[in-house]
Amino acid sequence: MASPILNLTRGQLARSSRGCLPALLTHTPSTTLPTTPPPLTLTPRRFKSGPYGYTQSKALVFTRFGEPADVLHLHTHSISPTLPQGAVLLRTLAAPVNPADVNTIQGTYGARPDFASQDPNSPTNKTRLLLGTPEPAAVPGNEGCFEVTAVGPGVDAGKLKRGNWVIPAGPGFGTFRTHALVEDAVGRLVKVDGTGLSPVQVATVSVNPCSAYRMLRDYVDLVGESVRRFASADPPRGGMWFIQNGANSGVGRAAIQLGRLWGLRSINVVRERETVEETEGLKAELKELGADVVVTEKEFLDRSFGARLKEEWTRGGREPVLLGLNCVGGQSASAMVKALGPRGCMVTYGGMSRQSFPFPTGPAIFKRLRFEGFWLTEWGKENPEEKRRMINEILDLMRQGKFKQMPVQEVKWDWDTEEQVLKDAIQGTLAGFRSGKGLFVFGDT
Ligand SMILES: NC(=O)c1ccc[n+]([C@@H]2O[C@H](COP(=O)([O-])OP(=O)(O)OC[C@H]3O[C@@H](n4cnc5c(N)ncnc54)[C@H](OP(=O)(O)O)[C@@H]3O)[C@@H](O)[C@H]2O)c1
């Protein structure tokens, strides 16, 4: 269930009394000194705003690779009110935990923090200096929605000002923290118009929906092919087909919705749930999003699937499946190869089963298939402007109610939240059969 606060849109938040939601909207350290000293008390008190306007902040950090439960540590530090040239101070509102975040902490991801770097400007050494950790360190988390709470000298007010909502422009930002001091802020952040949007929607836009968007558009021209076929003598019964496994993932749900908006048809593979009712419930949920066909992995791997594909959905193969999106691997990926039509393309973007799949020589040759790998990180580095444009396009769809947020399991992060609670939330990410993606929502920090 979404938290009541984080589900409020930006407009609703602005209309709410600042007295009711002070921590979410602003972070204004008091600078007024009391005229009489406060009475001595034995109860320890915490000052979120330290002396002289310092912001007290917490961040999850790691200094070596390993399981999140073993290597993450909740680190407290102060941020000076005097911001460097071109820097801004952010307060985190929401941050999802993606599988890649766990893989990064484990050291198995394509991008690895270099903890042994001698370069003082390396990200891990800069984190050590900024956060005051004893060793080079990294803050995990790639996605999040932040509010600008203070702006340093030299920041163009037309580009960033106090109260703006922003998201990281690129990966490796380190979002599992209550606040962030960001140098070169204009280039490293994307300003977001939060009107009509919740922090959760904004925090989850830049990885899953963007990956689905690119994979549906960049490998096979499904939209163009649909248009061509509709104009032919034997028009199809609908747009071109794509097939995907892990269809209930954040990426999968985004692909279903974008595909439907662009007039495409989707065949979606999900793992069976514990009961028939739960499985049927999940199928219905994806159909509600716009899925044309939803099958379980068991149905997909069954010998009868090929015949069903031909007879029930593709008019004897005359409306072929030309794109496969694979985030599972193993047997599921092998079955996907069989389902693809001639000149089809399989894009692998994840390996949730941790199993590789044998390269299918026959189909690869005789169906002249293409096998591609997709990595949003590299795509984003090569296409920064298109990424910003795409993010705004998807946020617009969310605003219009045409794109539904993925289900999330919220973990509230307040100042007093125990380190273990935060670590458990991250450790559980790869467990499977979850009701939603783990997501930190920041309350009284
Ligand atoms: N290459 C890229 O640029 C890129 C970008 C974004 C995401 N990804 C990858 O895409 C995949 C999905 O990411 P996400 O953020 O969308 O995921 P997510 O929302 O966290 O959902 C996880 C998905 O993985 C499935 N899953 C978990 N364990 C599995 C297993 N052992 N075998 C088969 N399926 C399993 C889950 O199915 P159940 O509900 O049945 O457990 C669910 O569909 C991940 O591998 C991620 O790394 C890659």
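Let me start with a term: a crossover is right-handed if, with the strands pointing away from the viewer, the path from the first strand over the helix to the second runs clockwise.

Now the ground rules. This is a predicted model, where local features need pLDDT of at least 70, side-chain atom pairs count only at pLDDT 80 or more, and totals for chains, interfaces and linings use all residues. Residues are numbered from 1 along each chain as its sequence is written.

Confidence next. pLDDT is the predictor's confidence in each residue, from 0 to 100. The protein chain averages 90, and 89% of the residues score at least 70. A contact means two C-beta atoms, placed from the backbone, within 7 Å. Where pLDDT is low, the predicted coordinates should not be read in detail.

On to strand S9, residues 265–270. Why do I call S9 largely enclosed by the rest of the structure? Because six of its six residues are buried. Buried means 20 or more other C-beta atoms within 10 Å of a residue's own; exposed means 12 or fewer, and partly exposed lies in between, with C-beta atoms placed from the backbone. Look at the two faces. Arg 265, Ile 267 and Val 269 point one way. Ser 266, Asn 268 and Val 270 point the other way.

Who pairs with S9? Two strands pair if DSSP finds at least two bridges between them. Strand S8, residues 241–244, runs parallel to S9, joined by four bridges. There, Gln 244 has Asn 268 as its bridge partner. Strand S10 also pairs with S9 in the parallel sense, over four bridges. Val 270 stands opposite Thr 296 in S10.

S8, helix H10 (residues 250–261) and S9 make a right-handed β-α-β unit. S9, H11 and S10 make a right-handed unit too.

Where is Ala 291? In the loop between helix H11 (276–289) and strand S10 (293–296). Ala 291 counts as buried, because it has 26 C-beta neighbours inside 10 Å. Beyond four places in sequence, it touches Ile 256, Ser 266, Asn 268 and Leu 286. Arg 253 is 38 residues away in sequence, yet 8.8 Å away in space, C-alpha to C-alpha.

S11 (residues 321–326), helix H14 (residues 330–339) and S12 make a right-handed β-α-β unit. Four bridges join S11 to S12 (residues 345–348), and the strands run parallel. Leu 323 has Cys 345 as its bridge partner. S12, helix H15 (residues 361–366) and S13 make another right-handed unit. S12 and S13 (residues 370–373) are parallel, with four bridges. Thr 348 partners Gly 373.

Last, the core. A nonpolar core is a set of buried Ala, Val, Leu, Ile, Met, Phe, Trp, Tyr and Cys residues joined through C-beta atoms within 7 Å. The largest has 99 residues, and Val 88, Ala 94 and Phe 242 touch the most other members. Strand S3, residues 88–96, gives the most to this core: six residues. Leaving aside neighbours within four places in sequence, Val 88 has contacts including Leu 83, Val 148, Gly 152 and Ala 185.

Methods:
Helices (H or I, at least four residues) and strands (E, at least two) are DSSP runs, numbered from the N terminus.
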